[in-house]
Amino acid sequence: MLLSPQTAQATEQMQRENQPSWLEQYRKKVTSPELAVKAVRSGDAVYIHSNAAAPECLISALVGRANELEGVKIYHLLTLGKAEYAKAEYANSFRVQALFIGANVRDAVNCGRADYIPVFLSEIPGLFTNGQLPLDVCIVQVSPPDKHGFCSYGVSVDCTIAARKQAKCVIAEINKQMPRTLGRSLVHISRFDHIVETDHPLPELIPDEPSPVENAIGRHVASLVEDGATLQLGIGAIPNAVLRYLTDKKDLGIHSEMLSDGIIDLIDAGVITNDCKTLLPGQVAVSFVMGTKRLYDFVDNNPMIEFQPSDFINDPIIIAKNNKMTAINSALQIDLTGQISADSIGTHLYSGVGGQVDFIRGANKALGGKAIIAIPSTAKSGKVSRIVAKLSPGAGIVTTRADVRYIVTEFGICDLHGKNMRQRAEALINIAHPDFRAKLLEESKEISWLR
Ligand code: COA
């Protein structure tokens with residue numbers, strides 16, 4: 001049984017006093033991964049814990065039953081790990097319903113043997129809570145229990161509380177190495193039907209060294225960040241590069257769906273103090289973290305890091321309560337009117353809607369808020385411009401041209417708010433890569449209202 005020294009001591013005391021306790025329940029529920037996943041039946045809808053909390057041991061056991069199962073629907077957000085259930089050989093057994101497309105299911109979605117559900121991250125918990133997506137089984141990975149029997153959802157709280165509450169059966173992988181995070185992260189072992197004990201490191205996301213282009217973008221974005229601002233940093237290479245250029249800022253705060261390693265140095269340096277936050281002052285508000293073991297150790301038992309579910313962190317009304325809320329997200333393509341494509345490259349589905357719109361809308365409504373989309377001007381080693389006259393056929397618009405505000409590339413910054421179509425086209429061509437500016441101008445002339 002996986003217990004901290006403190007819990008072990010308490011356990012011994014309870015045993016000595018012969019008191020009934022949650023430990024009895026715990027012992028009865030502990031089983032092997034193979035027996036635990038017997039709870040999944042053909043046709044069931046199964047939710048899998050997200051990001052770095054995907055319970056690999058239970059997933060392997062579930063995939064091991066592929067020959068016995070048919071038509072099991074697997075719901076999840078981004079997950080790190082192998083996601084073997086998405087392999088072509090298991091297509092009759094499992095069908096992924098991705099609420100965000102990670103690298104591990106991208107091929108399956110684009111081949112048509114997995115599905116993608118475009119949805120705002122803030123609204124995913126509601127899909128479970130209101131029964132639109134009924135769940136039979138929820139599979140989570142949590143920390144060992146404390147002396148009261150409470151485990152922690154650890155590095156990923158996001159939509160898991162809603163999924164756990166709604167599912168008919170909950171299977172928990174209790175991993176000795178899952179950090180015990182605080183906030184609304186705690187879940188009592190009485191909520192689990194089956195428990196499996198494991199002891200393995202969490203998957204790590206090691207950030208690449210930012211490229212010169214990402215560094216230039218980081219500097220431009222940093223120039224928009226005011227002292228006392230509360231930041232959201234989206235997914236991708238750029239938000240992480242931005243953090244490097246914030247070292248001379250004062251009293252920054254964090255309210256963000258996700259966090260990466262970059263924030264630790266800024267907290268240590270006294271740049272992120274959270275002192276000026278108008279919501280949850282003194283605390284970093286977050287719903288999941290993905291990074292290295294250093295980050296996972298940092299959030300362990302850290303009262304400064306307040307984990308909250310996505311329907312709180314990503315609610316635009318909640319976000320807007322943060323004065324100077326500054327949302328920094330990225331994109332794949334943007335047209336000359338400011339329409340942002342971020343979940344697909346043409347018809348090739350790439351990622352998801354995530355929290356981009358939640359935070360853009362929240363930041364736009366916040367007092368002194370700023371919504372920033374930061375992109376390299378080109379992709380594919382400079383061969384294609386990300387700023388285009390028309391989006392590629394099939395491109396999914398994540399952020400509309402009415403929501404969009406600041407656009408940043410390595411060539412500068414433009415603010416599209418209140419600009420007409422012609423002014424937008426001009427502003428965006430000015431921050432496009434110089435190699436593509438003449439072509440963009442030519443193409444814009446083919447559209448009568450841009451001429
Ligand atoms: N045309 C062709 N290929 C393109 C392209 C374009 N316009 N834009 C990007 N690509 C390619 C890149 O070259 C790269 O290919 P590679 O993997 O072979 O190098 C790949 O697509 C990914 O692009 P990149 O910009 O490097 O991605 P990223 O990791 O920085 O993430 C987003 C950027 C937009 C995918 C990411 O921010 C995202 O998923 N956003 C959606 C929702 C969101 O913002 N949510 C908020 C936080 S959850």
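## Ground rules

Residues are numbered from 1 along each chain as its sequence is written, and side-chain values use heavy atoms, with hydrogens and water left out. As this is a predicted model, local features need pLDDT of at least 70 and side-chain atom pairs count only at pLDDT 80 or more, while totals for chains, interfaces and linings use all residues.

Seven of its seven residues are buried, so β12 is largely enclosed by the rest of the structure. Here buried means under 20% relative accessible area, exposed over 50%, and partly exposed in between, with a 1.4 Å probe and protein chains only.

β12 pairs in the parallel sense with strand β11 (residues 230-233) over two bridges; two strands pair if DSSP finds at least two bridges between them. Across this pairing, Thr230 stands opposite Gly253 in β12. To get from β11 to β12, the chain passes through helix α9 (residues 237-243), and this β-α-β crossover is right-handed. That term applies if, with the strands pointing away from the viewer, the path from the first strand over the helix to the second runs clockwise.

β12 also pairs with strand β13 (residues 284-289), again in the parallel sense, over four bridges. His255 stands opposite Ala285 in β13. With helix α10 (residues 262-268), β12 and β13 make a right-handed β-α-β unit.

## Strand β15, covered on both faces

Which strand pairs with β11 over four bridges? That is β15, and the pairing is parallel. In β15 (residues 325-329), five of the five residues are buried, so the strand is largely enclosed by the rest of the structure.

In a regular strand the side chains alternate between the two faces of the sheet. In β15, Met325, Ala327 and Asn329 are buried on one side, and Thr326 and Ile328 are buried on the other. β15 and β20 (residues 370-374) run parallel and are joined by four bridges.

## The ligand site

The ligand is surrounded by 22 residues, and the closest are Ile235, Glu257, Ser351, Gln356 and Arg386; a residue counts as near if one of its heavy atoms lies within 4 Å. By class, this shell holds eleven nonpolar, eight polar and three charged residues.

What reaches the oxygen atoms of the ligand? A polar side-chain atom of Ser351 lies 2.7 Å from a ligand oxygen, and one of Arg386 lies 2.8 Å from a ligand oxygen. Ala237 has a polar backbone atom 3.3 Å from an oxygen of the ligand. The protein buries 75% of the 970 Å² that the ligand exposes when taken alone (Shrake-Rupley method, 1.4 Å probe).

Elsewhere, seven strands form an open sheet with parallel pairing, in the order β4-β3-β2-β1-β5-β7-β10. β4 (115-116) and β10 (194-198) stand at the edges with a single partner strand each, so one side of each is left without a neighbour in the sheet. Two bridges join β4 to strand β3 (residues 94-98), and the two run parallel. Ala98 stands opposite Tyr116 in β4.

Finally, Arg164 lies in helix α7 (residues 160-166) and is buried, with a relative accessible area of 13%.

How values were computed
A polar contact is a pair of N or O atoms within 3.5 Å; within protein, one must be able to donate a hydrogen and the other to accept it, and residues adjacent in sequence count only if both atoms are side-chain atoms. Ala, Val, Leu, Ile, Met, Phe, Trp, Tyr, Cys and Pro count as nonpolar, Asp, Glu, Lys and Arg as charged, and the others, Gly among them, as polar.
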